[in-house]
Amino acid sequence: MAILKIARMGHPVLREKAAPVTDPQTAEIRTLVADMIETMHDAGGTGLAAPQVHVPKRVVIFEVGETRLTGRPLDRPQTLTVLINPVIEPLTTETELGWEGCLSVPGLKGAVPRFTRIRYRGVGLDGAPIDRTVEGFHARVLQHECDHLDGILYPQRMTDLRLLTYLEEGMRFPIDIGIADADAAE
Ligand code: NI
């Protein structure tokens, strides 16, 4: 296992469309995922996509803690999940603003509109299908991570760049977007 270097905004790997994984059960993917987990935990993130560690493949990992759940019925905590070749299907046109950070955009956070309810599918490391319908913060994490696979960083999803702030200034001068203001890298 190894802690990998995290690519930061401006690195071309973060603008690429990542390639599908043809076989999730290879030693190469197992090693990549083990290193991604170690890297995410070391950096204190909620999620990590393979392009963020300079590997343009469609692999994301994430976990959803209790602290930022929105209270929506399907906004559920989730233990560490490895999702390969994920596909997201929005189940509503409704969006809501929420704070996001990103290990590839360190020191900043922004309020980003995301679909409130999605279905996501993919396969795990064992090749078994994963199929979940989720809402709120859980849905936000997936939309953020899967955007990385299409070369999109959260500032590109923002509709009001006045809501992009350094974390320190955000603490000193909180911006009220109508939801709890917590800091978490994603
Ligand atoms: Ni990110």
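User: Which residues of the largest nonpolar core touch the most other members?

Analyst: A nonpolar core is a set of buried Ala, Val, Leu, Ile, Met, Phe, Trp, Tyr and Cys residues joined through side-chain atoms within 4.5 Å, where buried means under 20% relative accessible area, exposed over 50%, and partly exposed in between (1.4 Å probe, protein chains only). In soluble globular proteins, nonpolar side chains tend to be buried together. Here the largest nonpolar core has 16 residues, of which Val60, Phe62, Leu83, Ile118, Tyr120 and Leu142 touch the most other members. At least two residues of this core come from each of strand E2 (59–64), strand E6 (117–123), strand E7 (129–135) and helix H2 (136–149), and H2 gives the most, with six residues. Helices (H or I, at least four residues) and strands (E, at least two) are DSSP runs, numbered from the N terminus.

This is a predicted model, in which local features need pLDDT of at least 70 and side-chain atom pairs count only at pLDDT 80 or more, while totals for chains, interfaces and linings use all residues. Residues are numbered from 1 along each chain as its sequence is written, and side-chain values use heavy atoms, with hydrogens and water left out.

User: What does Leu142 touch, leaving out residues up to four places away in sequence?

Analyst: Contact means heavy atoms within 4.5 Å. On that basis Leu142 touches Phe62, Leu83, Ile88, Ile118 and Tyr120.

User: How should I read the open sheet of five strands, and which strands stand at its edges?

Analyst: Two strands pair if DSSP finds at least two bridges between them. The strand order is E1-E2-E3-E6-E7, with antiparallel pairing. Strand E1 (47–49) and E7 stand at the edges with a single partner strand each, so one side of each is left without a neighbour in the sheet. From one strand to the next the twist averages 40°, where axes are lines fitted to C-alpha atoms, for helices over the stretch in contact, and angles run from 0 to 180 degrees between N-to-C directions. Helix H1 (residues 27–43) packs on this sheet, touching E1, E2 and strand E3 (78–90), and its direction makes about 40° with that of E2. H2 also packs on the sheet, touching E1, E2, E3, E6 and E7, with a direction at about 160° to that of E2.

User: Is H2 enclosed or open, and how does His148 sit in it?

Analyst: The expected span of a helix is 1.5 Å times one less than its number of residues. H2, with 14 residues, reaches 21 Å from its first C-alpha to its last, close to the 20 Å expected. Of its 14 residues, 14 are buried, so H2 is largely enclosed by the rest of the structure. His148 lies in H2 and is buried, with a relative accessible area of 1%. Its side chain makes a polar contact with the side chain of His144 (3.3 Å); a polar contact is a pair of N or O atoms within 3.5 Å, and within protein one must be able to donate a hydrogen and the other to accept it, while residues adjacent in sequence count only if both atoms are side-chain atoms.
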